[in-house]
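This report describes the architecture, side-chain contacts and backbone geometry of one protein.

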Amino acid sequence: MRYGRTVPVTEAAELPPIPEEAPPAPEEARAVFGEYFPEAVRYAELLADAGVKRGLIGPREVPRLWERHLLNCAVLSEVVPEGVTVCDVGSGAGLPGIPLALVRRDLKITLLEPLLRRTNFLQEVVELLGLDHVTVVRGRAEEVLGKLQPVHVVTARAVAPLDRLAGWGVPLLRPYGEMLALKGDTADEELVAAKAALTKLGVVKTSVLHVGEGVVDPLSTVVRVEVGESPGGVRFAAKRAKAARVSRTRRRR
């Protein structure tokens with residue numbers, strides 16, 4: 001499989017049977033996922049079984065799937081604008097991209113992940129849950145630059161320190177777009193440490209948000225990084241333009 005290519009359904013392996021391993025959903029989940037609560041339950045079951053067997057999540061994470069993972073990611077929807085395009089960088093097992101997709105059918109979401117076993121799992125989940133507004137792409141952010149259409153919002157969770165994460169995610173944005181990174185208690189410190197790197201990437205504003213009031217405790221911490229008219233800075237603008245030219249040339253052949 002070439003990097004940066006949408007994963008076809010035919011490459012997805014069949015999921016194993018689902019045992020009763022996932023923890024019961026808390027009441028908050030019904031309110032958050034609404035009519036798509038059954039799909040959220042199914043996703044939790046897939047994570048608890050296939051996700052563990054394929055090494056996508058650790059077995060110790062299963063008892064806290066809802067609070068620490070599904071709900072923690074779903075509340076990111078509170079700060080995502082309506083009707084935008086989203087790229088979930090380093091999507092892994094689909095966090096935060098799939099919970100976000102379940103609660104926000106108005107979004108067009110790309111799950112970007114370099115590892116084949118993970119993209120196979122993601123494609124299976126997308127098909128099983130009927131997420132026709134979600135596309136799975138195998139590749140690294142730096143490899144798909146100029147090949148994927150720039151997006152309004154980049155999301156990420158537990159991928160890398162903020163300076164490195166921004167180097168991957170910010171160049172994928174449209175002008176005046178934003179990166180939303182789910183972080184922990186060190187969010188403020190990471191912002192301070194990444195200040196110089198963010199400035200070089202064309203970032204014009206940063207903030208730390210806390211979302212999920214009444215749903216998760218502690219609240220989910222989100223670092224918001226907003227860019228100006230040159231996402232990624234001058235260097236990435238040139239790289240993006242060159243990649244786009246190469247892509248157009250290949251399409252004409």
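## Basis of the description

The model under discussion is predicted. In these terms, glutamate 61 falls in the loop between α2 and α3.

## Overall architecture

The protein contains 10 helices and eight strands. Of its 253 residues, 51% are buried. Its accessible surface amounts to about 12400 Å², and carbon and sulfur atoms contribute 51% of that area.

Among contacts with a separation of 6 or more, 71% are between residues 24 or more positions apart.

## The α2–α3 pair

Helix α2 covers residues 37–53 and helix α3 covers residues 65–74; their axes come within 12 Å and cross at roughly 120°. Angles of 65 to 115 degrees count as roughly perpendicular and those over 145 as roughly antiparallel, and α2 and α3 are therefore oblique to each other. Their crossing is right-handed.

On the α2 side, the residues that meet α3 are Phe37, Ala40, Val41, Tyr43, Ala44, Leu47 and Ala48, and their counterparts in α3 are Leu65, Trp66 and Leu70. An α-helix has 3.6 residues a turn, so residues three or four places apart point the same way.

## Burial of helix α3

Helix α3 is mostly covered, with eight of its 10 residues buried. These buried residues are Leu65, Trp66, His69, Leu70, Leu71, Asn72, Cys73 and Ala74. Leu65, Trp66 and Leu70 of this group also take part in the contact with α2.

The packing partners of the buried α3 residues include both helices and strands. The helices are α1 (27–33), α2 and α4 (97–103), and the strands are β5, β6 (173–183) and β8 (220–227).

The model holds 11 salt bridges. One of them links arginine 104 to aspartate 106, at 2.8 Å from N to O. Arginine 104 counts as buried because its relative accessibility is 10%, whereas aspartate 106, at 33%, is partly exposed. Elsewhere, salt bridges with shared partners join Glu61, Arg64 and Arg68 into one network.

When neighbours within four places in sequence are set aside, glutamate 61 is in contact with Arg68 and His69. His69 is itself one of the buried residues of α3.

## Alanine 160

Alanine 160 is placed in the loop between β5 (151–157) and α7 (162–169). This residue counts as buried because its relative accessibility is 9%. Apart from neighbours within four places in sequence, alanine 160 is in contact with Leu165, Trp168 and Lys183.

The C-alpha atom of alanine 160 is 9.5 Å from that of glycine 90, although the two residues are 70 residues apart along the chain.

## Backbone geometry

Leucine 95 and proline 96 are joined by a cis peptide bond with omega of about 10°, and proline 96 is in the loop between β2 (85–89) and α4. The bond from aspartate 217 to proline 218 is likewise cis, with omega near 5°, and proline 218 lies in the loop between β7 (203–211) and β8.

Tyrosine 176 is not a glycine, yet has a positive phi of about 65°. Tyrosine 176 is situated in strand β6. With a relative accessibility of 61%, tyrosine 176 counts as exposed.

Conventions: Residues are numbered from 1 along each chain as its sequence is written. This is a predicted model: local features need pLDDT of at least 70, side-chain atom pairs count only at pLDDT 80 or more; totals for chains, interfaces and linings use all residues. Side-chain values use heavy atoms; hydrogens and water are left out. A salt bridge is a side-chain nitrogen of Lys or Arg within 4 Å of a carboxyl oxygen of Asp or Glu. Buried means under 20% relative accessible area, exposed over 50%, partly exposed in between (1.4 Å probe, protein chains only). Helices (H or I, at least four residues) and strands (E, at least two) are DSSP runs, numbered from the N terminus. Contact means heavy atoms within 4.5 Å. Accessible areas come from the Shrake-Rupley method with a 1.4 Å probe; for residues, only the protein chains shown count as cover. Axes are lines fitted to C-alpha atoms, for helices over the stretch in contact, and angles run from 0 to 180 degrees between N-to-C directions. Angles under 35 degrees count as roughly parallel, over 145 as roughly antiparallel, 65 to 115 as roughly perpendicular and the rest as oblique. A crossing is left-handed if the near helix is turned anticlockwise from the far one by less than a right angle, and right-handed if clockwise.
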